[in-house]
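I opened this structure for the first time today. These are my notes on what I looked up, entry by entry.

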Amino acid sequence: MARLGHEATSYAPPLEMPEMELVHPKTFIGKYVFSQDAKVIAIQYFITATSIGLVALVLSILIRLQLGFPGTFSFLDPSSYLQHVTMHGMIMVVYLLTALLLGAFGNYLIPLMCGARDMVFPWLNMLSYWTYLTAVLILVASFFVPGGPTGAGWTLYPPQAITPGTPGYDWGIILMLVSLAVFIAGFTMGGLNYVVTILQARTRGMTLMRLPLTIWGIFMATVLALLAFPALLVAALMMLMDMLAGTSFFMPTMIALGEQTGYEDGSPLLFQHLFWFFGHPEVYIVALPAFGIVSDILATHARRNIFGYRMMVWALIAIGGLSFVVWAHHMYVSGMNPYFGFLFATTTLIIAVPTALKVYNWVLTLWKGNIQLTVPMLFAIGFIFTFVNGGLSGLFLGNVTVDVPLADTYFVVGHFHMVMAVAPIMVIFGAIYHWYPKVTGRMMNDTLGKWHFWITFIGTYGIYYPMHYIGLAGVPRRYYAYGETGFIPDSVISLNAAITIAAIVVALAQLLFFYNMFHSYFRGREAGPNPWNATTLEWQTEHTPPHHGNFGRELPVVYRWAYDYGVPGARHDFIPQNVSPDDVETLPEGQEVPAR
Amino acid sequence: MTVTLIFLALLLGTFLTWIVRQSLNVRPWASADGPSVNESDSLPPAATPARVGLAVFLAAVTSLFALSISAYTMRMELSGDWIPLAPPPLLWLNTLLLVVGSVGLQRAWDGARRNRLAQVRSGLKLGGAATVAFIVGQLFVWMQLQAAGHHLVTNPATAFFYLITALHAVHLLGGLIAWVRAMVLASRGESMRDIHVSAELCALYWHFLLLLWFILFGMLLVT
Amino acid sequence: MVIALVIVLLVFGTLAFHFLSPWYLTPLASNWGAIDSTILITFIVCGIVFVIVNLFMAWSIVRYRYDANRRSDYDPENQKLEIWLTGITTIGIAALLAPGLVVWGAFVSVPDDADQVEVVGQQWHWSFRFPGEDGEFGRIDPALISNDNPFGMDPDDPAGQDDVLVQAPTVLLPVDRPVKTVLRSKDILHNFKVANFRAKMDLLPGQTSYMWLTPTREGDYDVVCAQLCGIGHFAMRGTVRVVSQEEFDEWLANQPTFAELQAREPPDLAAGEAHYRTCVACHGADGHGNEALNAPSIAGIGAWSTERQLRNFRTGARGTHDDDVYGAQMRPFATLLADDDAIRDVAAYIETLTPARPEVTVAGDATRGQRLYRTCANCHGASGEGNEAVNGPPLAGLQDWYHLTQLENFRAGIRGRHAQDLYGNQMVDMAQMLVDERTMRDVVAYINTLRPDTLTVDGDDTDTDTTLARRAD
């Protein structure tokens with residue numbers, strides 16, 4: 001690299017950042033709408049993602065109504081059913097989970113936990129949010145166009161997705177693909193920020209190995225996303241060309257509803273390869289931030305250092321790297337060359353080793369801890385239980401032979417909801433209860449939080465665990481109704497009704513959460529700067545909620561890792577990261593465990 | 001997918017080795033083990049946020065093109081309807097234009113380094129003009145192909161040609177936005193420090209797109 | 001502490017559910033018992049891990065619950081422990097993977113002596129092709145697929161002449177014979193799944209895929225589609241009937257070969273007209289039907305559709321349900337038609353009759369019906385003109401009271417549930433989306449407004465829309 005013409009920026013940014021370097025707008029619009037403050041952008045992401053997520057939640061209830069009580073609701077016909085299924089999946093995976101974990105938590109926590117004033121490119125960060133919002137609006141628009149949103153399933157497999165007769169063939173699929181392309185553009189802007197901020201804007205002393213695992217998780221997930229989303233972009237562009245210009249990238253010679261289509265020799269499998277090349281890393285794009293966040297929640301509320309920090313980091317890295325070579329395990333029965341099965345079953349099961357190690361380390365963090373069963377802790381424990389279950393059912397589906405009878409059945413639905421829906425959502429709720437005091441300055445109500453936890457935890461387990469067994473019995477997924485078959489017993493229909501009722505209860509329980517969130521904003525107990533006695537930097541800010549610029553006049557200096565809980569000899573059971581060894585209050589000689 | 005996997009293996013391999021080397025012998029819980037607070041631990045000083053940002057962005061762009069190339073080769077292998085498209089000779093001229101564009105921006109960067117505003121301006125102008133000429137040239141290529149009956153739907157090879165050249169051109173157009181910013185800074189005579197960052201980013205981006213073009217053009221020639 | 005208790009309860013509840021729930025793998029009917037074994041191994045390994053990890057966590061939560069006078073242990077790392085855990089996990093993973101790969105090796109290697117059958121999927125229908133005596137499939141070309149050549153057979157390929165074509169979604173297979181299923185789709189992705197066989201694979205357009213199995217138990221097995229294929233996905237059904245070798249041979253010999261189908265004479269209209277005389281009493285000489293006798297208008301309906309219904313009546317696939325009063329009236333007349341040729345002739349004659357626009361007798365909300373009809377349009381056509389390729393008979397031209405009766409019959413399973421009614425099952429599933437009589441009336445009211453090009457109308461041009469609007473009020 002050439003010599004720098006201007007002064008080289010040293011690794012550590014100057015301790016004192018002149019106030020004028022941050023844009024401090026005075027107007028309401030500048031402060032809250034077109035804000036460049038990562039914390040405001042985070043909240044914008046949160047509100048948008050949660051709103052569209054609620055739409056997807058309602059869609060899931062509509063799906064469940066049809067499955068639980070078929071032939072009861074005339075507004076649920078096969079077209080709208082498939083549209084609900086498609087949009088529910090797509091919104092939840094991309095527009096809710098990805099945006100919430102990276103856009104909302106990433107934006108809020110990266111600068112604070114790294115000890116930075118803001119993201120490195122604040123303007124780009126703002127643009128990222130508005131691009132994301134545009135993508136969401138395009139997606140929402142597809143509900144109002146003639147023919148409605150696409151009903152091709154969230155995987156958007158061609159030829160079906162762009163064949164006449166598929167719901168949303170008129171406009172829905174076009175808007176879906178355009179919205180995804182816009183989303184990817186927006187995400188790339190945000191992702192650049194996350195990576196560069198974590199690499200460049202860490203405060204003095206915050207070495208890579210002193211980063212909290214939350215940041216590691218978000219970091220690896222962003223790297224995966226930056227490299228994997230292009231696959232979806234390429235696939236979406238090629239599909240748009242097939243749809244609008246009549247090219248034959250994915251579309252073979254075929255008939256559609258009895259008519260020849262004019263396409264020639266395209267390869268539907270090519271799309272599947274591209275899609276899952278994005279799609280599998282996407283699972284980890286959602287999972288890795290959740291892994292990171294839950295590690296921090298566990299350590300803080302168990303008052304114990306995270307067990308095997310280095311292993312946790314390496315496991316994150318290993319999982320991230322391996323996630324690029326397992327994609328075809330989604331395609332064991334797709335008609336691809338069956339010999340690929342050997343390779344992908346092996347890589348898939350290998351990825352289970354670092355994942356299992358993470359689970360062990362979480363449990364070992366509880367072991368010998370001093371566990372406070374706060375609401376965030378309950379959600380973290382709920383996460384471990386759910387994730388163990390979902391991870392183990394993944395060993396069925398990843399192992400090619402076992403997958404054959406189970407592919408495309410309710411076993412798959414049960415598995416991915418357990419591992420990719422409930423588990424990250426548990427973490428997200430835990431994280432909200434955990435960081436809400438920092439974001440608002442007030443505590444959320446504990447009783448309501450516990451009710452919310454119990455209904456959500458037990459309810460979701462009751463919804464998804466039995467689904468595995470319906471799947472073992474061979475019940476296919478994405479079915480509008482089951483009619484009469486020789487192998488689906490009537491008891492499945494009764495079970496479906498029970499699942500639907502559980503789903504409605506769980507959905508309603510979320511009202512408790514939203515009520516709690518709004519109510520506590522005005523009436524919650526004052527939290528103080530560090531209600532959980534946590535060590536990480538976001539709890540050490542001068543103001544709560546932190547002002548623009550995060551740390552007041554001086555950036556903190558970091559002297560230790562993020563997990564100094566229960567350090568022998570220290571007066572308190574935690575030592576914040578920015579306390580220098582000289583400032584640690586020690587115990588008087590001879591006294592071992594202090595009364596707090 | 002081989003192309004993409006090789007690219008990712010190289011990229012992630014380098015990246016992960018770097019991270020693991022940062023962490024292998026570190027015992028993060030031992031606070032005395034860590035570097036003293038003023039010491040840099042990970043990135044060399046030459047890695048400014050702007051440069052790292054550009055590098056990360058280029059990694060994502062490379063992933064996009066690696067996947068396009070993968071799709072190209074897979075589609076070629078998967079079906080028997082592929083009729084290779086002979087790249088029009090005009091592409092050679094366009095390639096030359098793009099080289100000129102890269103040279104121009106390199107001159108601008110050099111100028112900024114040596115604090116010669118005039119050289120920055122002339123370099124930027126040359127680079128921008130050559131780039132615009134390149135994009136117009138690509139449009140001519142498209143028109144020539146259309147006239148010769150190679151439409152989008154004629155053959156997957158043709159469709160890929162349009163897709164890949166369009167993707168490349170879109171990235172150049174995006175680069176032109178950054179170029180406009182550099183032009184504005186240079187013509188206003190803003191501080192050389194800002195001009196330098198801007199010109200440098202443009203030059204690096206253009207070199208990348210030139211390299212990418214060599215790879216894409218080479219691929220079109222070979223297949 | 002409640003959380004620890006709940007986790008313990010959930011662990012035991014999970015185990016109890018596993019052993020007590022009535023839902024488990026369907027009875028095996030193929031050679032793929034090894035797949036069931038791999039599932040069992042996975043259950044055992046995963047079950048052990050599930051119980052240990054969760055019980056250990058529950059114990060930790062109780063044992064290390066918060067105590068203000070205590071500190072957590074400060075031990076950041078225990079490499080020995082982690083290496084042990086990694087080692088044990090790796091062994092567990094290998095124990096799952098190794099048998100999986102061995103069975104997969106068997107799954108991808110088709111025995112040399114396997115019979116072959118081709119499964120052809122389309123929206124929302126299965127059909128089958130056997131290679132015939134030469135043991136070799138004839139060449140196909142998707143571009144040749146049409147109503148007259150539904151398999152896209154290349155007529156010039158000699159290897160294809162003896163291919164046996166089964167247009168119905170029911171196929172017979174001999175027991176204890178390995179069979180390789182070659183899979184292809186005419187339109188979009190499908191997946192050939194028989195739960196009892198365990199094996200399944202996608203059908204792709206533009207290329208073939210395969211799998212193999214040996215049926216081991218005689219009986220009827222449902223074929224379902226396991227790859228989302230549009231709104232009729234859930235109703236894409238078929239049957240595999242595993243029978244003895246003799247029964248299979250006899251059945252196969254009765255199926256037409258490609259050469260036989262090509263050599264068929266065109267139907268004889270004069271003979272058809274003669275046969276039609278028995279129909280006149282109810283359906284009228286012009287075929288316009290008679291509401292008083294519950295005889296629908298049949299004039300101009302595509303011969304393929306009439307043929308299928310006549311065959312259904314004759315075999316008893318339609319008109320034999322106790323509650324199908326009017327169907328029972330039709331049955332004896334259909335049995336008067338001596339053979340398949342007579343059916344073809346009379347159906348061809350009926351197609352030549354000019355249809356009339358039927359009178360509007362059912363009131364309903366046509367606007368609401370239009371939304372509901374979106375689903376119907378996929379098979380029956382946007383203007384109710386019908387579509388032979390997807391087996392959707394025409395609707396426009398038939399009287400609304402007839403539609404209503406039939407919809408009610410389908411919905412109640414009075415029509416369509418008979419094992420030999422090939423497409424009736426699909427319509428039963430579809431009709432069940434019409435949740436009550438009002439909804440059915442709305443759809444029928446909308447069908448009344450349809451004007452396909454195929455329906456060239458005699459005489460009147462009453463404004464059906466206004467009539468309907470008035471009646472709906």
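I count two strands as paired if DSSP finds at least two bridges between them. The model is predicted, and I keep that in mind throughout.

**Entry 1: a hairpin in chain C.** I began with strand 1 (residues 115-122) of chain C and strand 2 of chain C, which pair in the antiparallel sense over five bridges. How many residues does the hairpin use to join strand 1 of chain C to strand 2 of chain C? I found two residues in that link. I then looked up one pair: Val120(C) has Ser127(C) as its bridge partner in strand 2 of chain C.

**Entry 2: the other neighbour of strand 2.** I followed strand 2 of chain C to strand 3 (residues 164-166) of chain C. Three bridges join these two strands, and they run antiparallel. Here Phe128(C) stands opposite Val166(C) in strand 3 of chain C.

**Entry 3: burial of strand 2.** Are the residues of strand 2 (residues 125-130) of chain C buried or exposed? Six of the six are buried, so strand 2 is largely enclosed by the rest of the structure. In a regular strand the side chains alternate between the two faces of the sheet. I therefore checked each face, and both are covered in strand 2 of chain C. One side holds His125(C), Ser127(C) and Arg129(C). The other holds Trp126(C), Phe128(C) and Phe130(C).

Lys193(C) has Val224(C) in strand 9 of chain C as its bridge partner.

**Entry 4: two helices in chain A.** Next I turned to helix 7 (residues 268-301) and helix 10 (residues 375-398) of chain A. They pack at an angle of about 130 degrees, with their axes 9 Å apart. The two helices are therefore oblique to each other. Helix 7 of chain A passes helix 10 of chain A in a left-handed crossing.

Which residues of helix 7 of chain A meet helix 10 of chain A? I listed Val294(A), Ile297(A), Leu298(A) and His301(A). They meet Pro376(A), Met377(A), Ala380(A) and Phe383(A) in helix 10 of chain A. By class, this contact has seven nonpolar, one polar and no charged residues.

**Entry 5: chain A against chain C.** The contact takes 106 residues from chain A and 101 residues from chain C. Helix 9 (residues 340-366) of chain A gives the most to the chain A side, with 13 residues. I sorted that side into 65 nonpolar, 30 polar and eleven charged residues.

**Entry 6: chain A against chain B.** Here the contact takes 59 residues from chain A and 49 residues from chain B. On the chain A side, helix 6 of chain A has the largest share, nine residues. That side divides into 38 nonpolar, 15 polar and six charged residues.

Conventions. Residues are numbered from 1 along each chain as its sequence is written. Chains are lettered from A and ligands numbered from 1 in the order in which they are written. This is a predicted model: local features need pLDDT of at least 70, side-chain atom pairs count only at pLDDT 80 or more; totals for chains, interfaces and linings use all residues. Helices (H or I, at least four residues) and strands (E, at least two) are DSSP runs, numbered from the N terminus. Two residues are in contact if their C-beta atoms, placed from the backbone, lie within 7 Å. Ala, Val, Leu, Ile, Met, Phe, Trp, Tyr, Cys and Pro count as nonpolar, Asp, Glu, Lys and Arg as charged, and the others, Gly among them, as polar. Axes are lines fitted to C-alpha atoms, for helices over the stretch in contact, and angles run from 0 to 180 degrees between N-to-C directions. Angles under 35 degrees count as roughly parallel, over 145 as roughly antiparallel, 65 to 115 as roughly perpendicular and the rest as oblique. A crossing is left-handed if the near helix is turned anticlockwise from the far one by less than a right angle, and right-handed if clockwise. A residue is buried if 20 or more other C-beta atoms lie within 10 Å of its own, exposed if 12 or fewer, and partly exposed in between; C-beta atoms are placed from the backbone.
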